[in-house]
Amino acid sequence: MGKYRIRVATGDSLLAGSSNPVQLWLVGEHGEKDLGKILRPIRIREVQLEVEVSLYLGRLLLVKLRKHKSLVGFDWFCKWIAVQGPGTQGEAFFPCYRWVQGNEIICLPEGTARTVRDDPQNQFKKHREKELEERRKVYRWGFWKEGLILPIAGNTQWDLPRNERFLEDKDLDFSLSLAKGRGSESNRAVTLLLTASSHLMSLERVRNCWKDDALFGYQFLNGANPMLLRRSTSLPSRLLLPPEMEDLKTQLEKELQTGSLFEADFSLLDGVKPNVIIFKQQYVAAPLVMLKLQPDGRLLPMVIQLQPPRNGCPPPVLFLPSDPPMAWLLAKTWVRSSDFQLHQLQSHLLRGHLIAEVISVATMRSLPSLHPIYKLLIPHFRYTMEINVLARSNLVSKWGIFDLVVSTGSGGHVDILQRATAGLTYRSFCPPDDLADRGLLDVVFSLWPRLSSSLGSRYVEKMVSLFYKSDGAVKDDPELQAWCREITETGLQGAQDRGFPISLESRAQLCHFITMCIFTCTGQHASTHQGQLDWYSWIPNGPCTMQKPPPISKDVTEKDIVDSLPSLHQARTQKTFIKFLGRRQPVMVALGHHKENYFSDPGPQAVLKQFQEELAALDKEIEVRNAGLDLPYEYLRPSMVENSVTI
């Protein structure tokens, strides 16, 4: 018996409140009390209630709620409910952070994270099972294209669960910006876009220096697509050097021996069927670029081969820095166009967006809201499912942006995605492993391993150690093991043969896997998303298509280059969607700074606070370092890395 004080928090968005009455129940160890329809969560951020309960409930386990429909049903976004009273030992916290719809009863467990092992009396067993059963009905795997990893079921954003859709501030910004971009395209104002970019790397710098070999090489390490470059361990077999290029071969072998020879191979594009746009044939190449690392840190191209050798055909032309300037420039422009294709499809869409979607759907299907790993990961899935549905229905759909203006549209883009999917490896998603495999640990800025280490070695490991005291605790967690299998076997369509785990056997393995998940949803995406504005707004530095075939001789004029570049309409469209996708998001949550509090226990909150402090220190360190750089690199600066894939 006694008095309970109840606080109920409604979401901050304009449409979060509801005039419908809400019925509440308190569920404790010793009983349950129906409090009746005591709440109307209208547009007030926090409501306080006091109720008398005639029986002793003991320690509170759950708060149940049901929104009753009046003449009209209005959804309500509940952030959390807090209860103080007999048996609560202070204030019990019940996180929600979701929409309350219809008239079904929703159960909110007290926010202390618990694995199955942490519930020896099975007080939450039925709740966990029922919650996952209901989630699996709502979060269903879909199908997009043969040979690709699985998406969430649904063709439009309206097919998605309500909790995965944009709130109105994000939705309004997205819709207005898209409409503004399309209007700019039609009235030709788009040619003035980006002159006030918030990025330090300005369009003017790229426009003035895009022809320079140094800037060309720089982009393989620090541009929009840092995922292709690797240190050469031998001369590529596709690089056929004729006898008259003996000096070049000697030079390449010298750089190889000193460890300063690097390559970027676009063979994934070989044989891809190019698009036909408005009855005009477009063209695709599959270049190979060999580069050398100078003592001063510059990465300079040595030779470009635009197509692999063909049986029965003359060896492909090799373009050199010593060639006539227009021939060398056209070869580099072809490389930049090829990089645009693989960046957008392989590095950005597949490795960023689609993998994050697999992780998010698998988590919703396999981990109940009580599970510590669910609580750890859920902030990193915000808006990912809707932005991916919009991408599939607008960018890479039939008559989408790729079909309209990109050389790999109308089917070629799907071919590339299928080839790239077949080559996905677990190690390539773990930055220290990936950089080691590509021989880049000693040549990249320290941001990749530093951010990954900050996530894994400190934040994730400390979180995991709070809930798993031994390797056996990891192995014996059935929900955790089901989650891992759901990602690898189902979402990734059997990726265990490429190193992805189907079970987690130790705390170290669990930490590594979770770090991969979080980094994919944050730093991995940021590294390939944020550079679009800087590098692709000047069209010759990243043409979305090429309108003439790759040159087969070095007799090249300036007109040949101009005629190869996208048409005026294609260029305007490219600038429009690059502006739309690459702009700084006004509705943005920085890495580690989500406001949702899924953990009620103080341990995880302290770990998160320490992580935020480490990110702030790294952010300041990057700011100081960038002040001394000719070209600042900010794509992995923590304050600019979004906490989830939202655009």
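Start with Y97, which sits in strand β7, residues 91–100. Helices and strands here are DSSP runs, H or I of at least four residues for helices and E of at least two for strands, numbered from the N terminus. Ground rules next. This is a predicted model, with local features needing pLDDT of at least 70 and side-chain atom pairs counting only at pLDDT 80 or more, while totals for chains, interfaces and linings use all residues. Residues are numbered from 1 along each chain as its sequence is written, and side-chain values use heavy atoms, with hydrogens and water left out.

Back to the backbone. Most residues other than glycine have a negative phi. Y97 has a positive one, near 55 degrees. Is Y97 buried or exposed? Buried, with a relative accessible area of 12%. The cut-offs: buried is under 20% relative accessible area, exposed is over 50%, and partly exposed is in between, using a 1.4 Å probe and protein chains only.

Q493 also has a positive phi, near 60 degrees. Q493 is in the loop between α14 (478–491) and α15. Q493 is partly exposed, at 47% relative accessible area.

Now the sheet. UniProt, in an unreviewed entry, places the feature "domain: PLAT" at residues 2–114. Such annotations may be inferred rather than shown by experiment. That span is 0% helix and 57% strand, and its end C-alpha atoms lie 28 Å apart.

Two strands pair if DSSP finds at least two bridges between them.

Look at β5, residues 60–67. Seven of its eight residues are buried. Seven bridges join β5 to β2 (residues 22–28). Four bridges join β5 to β8 (residues 106–109). K64 in β5 stands opposite W25, and K64 also stands opposite C107 in β8. L62 has P109 as its bridge partner in β8.

We use a 1 Å grid over the protein atoms alone: a cavity is a set of points where a 1.4 Å probe fits but cannot get out, a pocket is an open set with protein on both sides within 12 Å along at least five of seven lines, and lining residues have an atom within 4 Å of a point. Volume is the space filled by probe spheres set on the points.

The second largest pocket has a volume of about 600 Å³. It is lined by 30 residues, and the closest to its centre are N394, L395, I401, F577 and F580. Which helix gives the largest share of that lining? α18, with six residues. By class, the lining has 18 nonpolar, ten polar and two charged residues. Ala, Val, Leu, Ile, Met, Phe, Trp, Tyr, Cys and Pro count as nonpolar, Asp, Glu, Lys and Arg as charged, and the others, Gly among them, as polar.

How many cavities of 30 Å³ or more are there? Six. The largest cavity has a volume of about 150 Å³. Its lining holds 14 residues, with H529, Q530, Q585, M640 and E642 nearest the centre. Helix α15 (residues 507–529) gives the most, three residues.
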